[in-house]
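Here is a short report on a two-chain structure. It covers confidence, domains and helix packing.

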Amino acid sequence: MREYLGDIGHLCVIISFIFSILATISFGKATVSIDLVKKDSWLRFARVIFFIHSLAVFGIVAALFTIISQHYYEYHYAWSHSSNNLPSEYMISCFWEGQEGSFLLWTFWNVLLGLILIKVNKTWEAPVMAIFCLVQLFLCSMILGIVIPGLDFKIGSSPFILLKDYMGDIPVYQNNPNFIPEDGTGLNPLLQNYWMVIHPPTLFPGFAATLVPFAYCMAGLWQGRYKEWIRPAFPWALFAASTLGIGILMGAYWAYETLNFGGYWNWDPVENAVYVPWLILVAGIHTMLIFKNSNKSLQASVILITAQFILILYSTFLTRSGVLGDSSVHSFTDLGLSGQLLLFLFALTIVAVIFIIVRWKKLGGEENEEVSVYSREFWIFIGVVVFCLAAFQVLYTTSIPVYNKFLGWIGIESNIAPPADQIEHYTKFQIWAGILIALLSAIGQFFWWKKMDSKKLWEEISIPLILTLLISSALICLTMMNKIDITPTYILLFTTALFSVISNISIFFKIVKNNYKLTGGAIAHIGVALMLFGILFSSGYSKIISLNNTGLIYSKEAGDDFNRDNILLWRNEWKEMNDYKLKFIGPRLEAKDFPGYIKKEHLLLLDDKYMALAKKTIEHQGKKYFDKGDTIEIYPENTYYEVLIAKANGDTFTLYPRAQVNPTMGLLASPGIEHFYDKDLYAHVSSIPSPDEEKEWSPTEEYTIKPGDTVFINDYVTILHEVERVKYVPGMPLTQEDAAVMAHFHVLDKEKNHSIHPIYIIKVKEGLAGQIPDVNEDLGIKISFLNIDPTKEEFTFAVNTTQKDYIILKAIEKPFINILWIGTLVLVAGLLLAMIRRYQEFAKMRDKNTE
Amino acid sequence: MKKTHIIGLIVIAICVGVIVSTSGDTSSYVSFKEAAEMAADGKKSKVHVVGKVKKDVNGQLTDFYYKPEMDPNYFAFKLIDQNNQEQEVVYLNPKPQDFERAEQIVIIGNTQDKIFKADKILMKCPSKYEETELKAN
């Protein structure tokens with residue numbers, strides 16, 4: 001089975017590709033056939049074809065997953081994305097880590113959505129599925145991995161390629177053609193995070209779902225059902241917006257927990273690439289809503305629903321083609337698929353644009369009458385315009401690398417670089433979009449049921465407005481009294497977001513009395529306003545608390561305005577930060593079947609880096625897990641740096657920022673985060689003494705002493721307490737005749753006493769004497785047991801000292817970040833509620849045969 | 001004039017504003033020579049410089065200064081740009097941990113008093129995705 005698995009997988013790829021072509025054709029035939037009998041038989045045939053296509057896709061997934069999870073390293077995909085010691089839950093991450101796998105994941109979700117579409121639709125099935133399968137065809141071609149003979153043009157990149165074929169003619173295979181590596185190169189350690197297990201599987205249903213409203217829209221244009229497509233497409237658009245939204249936010253949370261740029265959103269091109277289509281999709285949902293209520297904005301809906309899908313394809317092109325180069329945290333390399341992606345992008349864009357142009361006149365009509373400023377539609381439309389402008393701004397800057405590439409192709413050398421401070425650049429525009437959206441989502445909701453005039457509007461709006469202004473001004477005064485900086489834009493954003501929350505809550509209570517199903521919009525808007533609060537506080541008022549006030553002003557170049565954001569923490573020494581005191585306690589490791597962290601000095605690391613011996617009994621919260629001398633399976637990739645933090649009021653808590661030493665990517669630091677109800681405290685290691693570097697020890701000092709004697713080492717009072725014979729030495733088998741002696745030193749420190757235990761061993765048979773020195777990392781002291789003088793009962797020790805261990809830490813306070821996450825959940829809940837309502841509307845009409 | 005036209009005009013105006021403002025924000029890829037000329041002209045805008053870190057024959061980082069126990073936020077090194085011009089660069093942050101491994105780096109900042117002050121360092125590390133080595137054990 002093993003050697004055929006790749007072939008089976010590749011066969012499934014080819015089947016899925018061919019059957020997606022057949023499905024497109026037969027669904028197309030079913031659409032255009034006028035004869036009802038023929039139509040029906042084509043449709044039934046097309047369904048069978050699509051089922052076979054689905055089975056083939058499941059087959060690809062099963063084959064690839066087996067290859068990865070069974071560690072079949074003769075396959076390149078398993079070798080380059082998985083490894084023996086990878087915990088099993090990350091097998092899912094290995095699956096989509098490569099480009100081929102992520103395309104496969106997308107294809108897989110499309111298949112599931114396609115099956116649902118076949119199930120729920122009647123008259124829409126054939127045209128929608130024809131469009132749907134056309135896109136599916138392109139996706140399948142991305143993993144086809146076939147070279148057209150003669151043309152030397154590769155279509156797609158197969159995930160089932162053998163390592164041997166990938167590597168080409170390298171010496172290993174010349175000596176042994178059947179060589180299989182024993183271990184894979186492993187998953188990118190940054191992706192070894194539980195959010196990364198679920199973020200892509202959530203994002204891709206979002207990607208897949210954006211296709212559905214697009215397919216309905218195109219089918220509507222094709223079939224001349226210019227208005228009718230809105231109803232079935234509406235719940236899908238809401239579904240896509242919620243899954244894509246959750247997916248994006250999960251990615252943000254991953255970045256917050258794993259990367260060390262200090263936040264959840266970095267305006268990274270890859271983040272922007274999905275943010276833009278999401279904005280356009282949300283804009284499209286709003287125009288569809290306008291259409292539902294007033295038969296206006298049909299053209300805008302068609303354009304926006306088309307644009308959001310094209311932008312999803314564009315984002316795929318941006319992230320997969322290597323055009324972004326080094327300007328992104330997502331490091332996809334160019335698999336040579338950019339040409340194919342561009343072709344795909346252009347082909348679909350041209351088809352869609354032609355459809356729209358041909359049908360354009362049929363979409364207009366009622367636009368002649370002037371819209372009233374007191375209508376709900378007017379304000380929603382203004383909101384749509386704001387969404388589009390916000391999307392345009394992000395898209396324009398994010399595409400800068402594309403302009404360079406494009407100008408390069410036509411022979412013009414361009415050296416434009418993205419803005420030096422991306423966050424500042426995007427924020428200065430997007431904050432205004434936020435303010436306007438908050439304001440409009442409040443005002444728009446007041447036009448809920450009826451047309452208004454200025455008098456009625458004032459009646460409705462006055463109480464929330466007065467309430468907002470009261471609370472807002474009270475809070476602003478409070479902030480100013482506390483001497484916290486506040487800018488006019490922040491005041492505006494705060495006030496409008498507050499206005500939106502209050503207005504939408506009051507509207508929620510008005511509607512919920514009649515029909516809770518109609519509250520989706522109000523809930524979603526509350527969610528958005530809460531998110532704006534969360535973003536304003538956590539980003540606008542994030543405070544670096546590791547300001548280095550004690551350091552020497554060494555660098556004159558620095559100037560006075562410069563923030564010295566990082567502090568050096570010596571091991572076991574308190575350091576004062578703003579309102580906190582910090583102490584670096586020591587490095588920690590994680591072990592299998594152990595809930596906490598194990599002190600590194602309690603472990604004797606073995607040659608097999610995944611194994612260690614316990615030097616001491618290892619307990620966690622009073623429960624014993626490992627005995628002294630036990631072999632423990634450890635996770636050596638991550639080192640956690642235990643940092644104790646004491647607040648001014650005496651409360652203490654511990655952070656474990658982590659650093660991963662990875663042979664290929666160097667050191668990767670991830671933050672430790674302590675969550676409070678009103679803020680997060682976020683800290684990451686900026687630098688540590690290089691782990692590869694040998695420590696520099698001071699010249700040896702020798703002491704010949706008796707038990708009870710005191711010496712001074714590095715100014716510490718050090719007492720030789722006693723010397724005893726031990727039967728067991730970790731990591732060193734002893735026979736009956738061998739003798740081992742351990743010295744107990746007590747070192748008196750300010751806060752606690754340390755013990756140091758050097759060992760002296762006599763191997764009688766071999767006639768050897770040896771020593772196992774003991775190092776106390778807290779103090780930077782090494783003691784070796786050199787000699788025993790039995791006649792005088794004196795012992796000789798060698799002492800070396802070194803610089804103490806340290807870390808350099810950056811710590812940030814993020815106030816009210818929880819409001820952002822809560823707001824996201826509220827938004828998604830609102831979208832889902834709206835989706836259910838719109839789906840029920842569709843289902844009702846479908847069952848009456850009036851879809 | 002209809003309201004839609006007014007809105008349309010406003011939209012166009014904002015788009016133009018965004019484009020103009022963005023071109024003011026964009027940086028550019030330059031050499032150290034150009035960066036120094038810009039500084040001499042009194043321009044304070046931030047630029048991107050692509051270069052290689054100065055290393056000795058053994059591939060070890062050389063001519064750099066980083067003493068965290070004195071000041072963890074001061075790191076100085078020499079960068080050789082694509083025209084082979086060497087320049088002292090000061091980065092007021094801790095030394096990036098895998099700095100030695102970096103083949104080619106991009107620094108973002110500007111020249112101030114003959115020293116290039118970098119606000120950001122983008123490193124192109126030997127990425128695992130470009131892995132082509134395979135060793136039999």
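pLDDT is the predictor's own confidence in each residue, on a scale from 0 to 100. The model discussed here is predicted. In chain A, helix α2 (residues 36-69) has the highest confidence, at 95. Strand β16 (residues 666-670) of chain A has the lowest, at a mean of 73.

**Confidence**

The model scores ipTM 0.86 and pTM 0.89. Chain A averages a pLDDT of 86, and 93% of its residues score at least 70. In chain A, the pLDDT is below 50 over residues 551-555. That stretch still has 11 contacts in the model beyond near neighbours in sequence.

Chain B averages a pLDDT of 81. In chain B, 89% of the residues score at least 70. Residues 126-132 of chain B stay under 50. For them the model has 14 contacts beyond four places in sequence. Where pLDDT is low, predicted coordinates should not be read in detail.

**Domains of chain A**

Chain A is divided into four domains: domain 1 (1-187), domain 2 (216-360 + 377-418), domain 3 (564-689 + 808-812) and domain 4 (701-802). Domains 2 and 3 of chain A have their centres 41 Å apart, taken over C-alpha atoms. Where they touch, 4 residues of domain 2 of chain A are in contact with 6 residues of domain 3 of chain A. What classes of residue does the domain 2 side of chain A bring to domain 3 of chain A? It has 3 polar residues, 1 charged residue and no nonpolar ones.

**Helix pairs in chain A**

| Helix pair | Residues | Angle | Axis distance |
|---|---|---|---|
| α1(A) and α6(A) | 2-32 and 125-142 | about 160° | 8 Å |
| α16(A) and α18(A) | 422-446 and 488-514 | roughly 25° | within 8 Å |
| α11(A) and α12(A) | 269-294 and 298-320 | about 165° | 8 Å |

Take α1(A) and α6(A). Their axes pack at about 160°. An angle over 145 degrees counts as roughly antiparallel, so α1(A) is roughly antiparallel to α6(A). Their crossing is left-handed. From α1(A), the contact includes Phe17(A), Ile21(A), Thr24(A) and Phe27(A). From α6(A), the residues include Met129(A), Cys133(A), Leu137(A) and Cys140(A). By class, the contact of α1(A) with α6(A) has 13 nonpolar, 7 polar and no charged residues.

Are α16(A) and α18(A) roughly parallel or antiparallel? The axes of α16(A) and α18(A) cross at roughly 25°. Angles under 35 degrees count as roughly parallel, and these two helices are therefore roughly parallel to each other. The crossing of α16(A) with α18(A) is left-handed. In α16(A), the residues that meet α18(A) include Ile431(A), Ile435(A), Leu439(A) and Phe446(A). On the α18(A) side they include Leu492(A), Thr496(A), Phe499(A) and Ile507(A). The contact of α16(A) with α18(A) divides into 11 nonpolar, 8 polar and no charged residues.

The last pair is α11(A) and α12(A). Their axes lie 8 Å apart at an angle of about 165°. The two helices are therefore roughly antiparallel to each other. Their crossing is left-handed. By class, the contact of α11(A) with α12(A) has 19 nonpolar, 6 polar and no charged residues.

Definitions and conventions
Residues are numbered from 1 along each chain as its sequence is written. Chains are lettered from A and ligands numbered from 1 in the order in which they are written. This is a predicted model: local features need pLDDT of at least 70, side-chain atom pairs count only at pLDDT 80 or more; totals for chains, interfaces and linings use all residues. Domain bounds come from an automatic or database domain assignment. Two residues are in contact if their C-beta atoms, placed from the backbone, lie within 7 Å. Ala, Val, Leu, Ile, Met, Phe, Trp, Tyr, Cys and Pro count as nonpolar, Asp, Glu, Lys and Arg as charged, and the others, Gly among them, as polar. Axes are lines fitted to C-alpha atoms, for helices over the stretch in contact, and angles run from 0 to 180 degrees between N-to-C directions. Helices (H or I, at least four residues) and strands (E, at least two) are DSSP runs, numbered from the N terminus. Angles under 35 degrees count as roughly parallel, over 145 as roughly antiparallel, 65 to 115 as roughly perpendicular and the rest as oblique. A crossing is left-handed if the near helix is turned anticlockwise from the far one by less than a right angle, and right-handed if clockwise.
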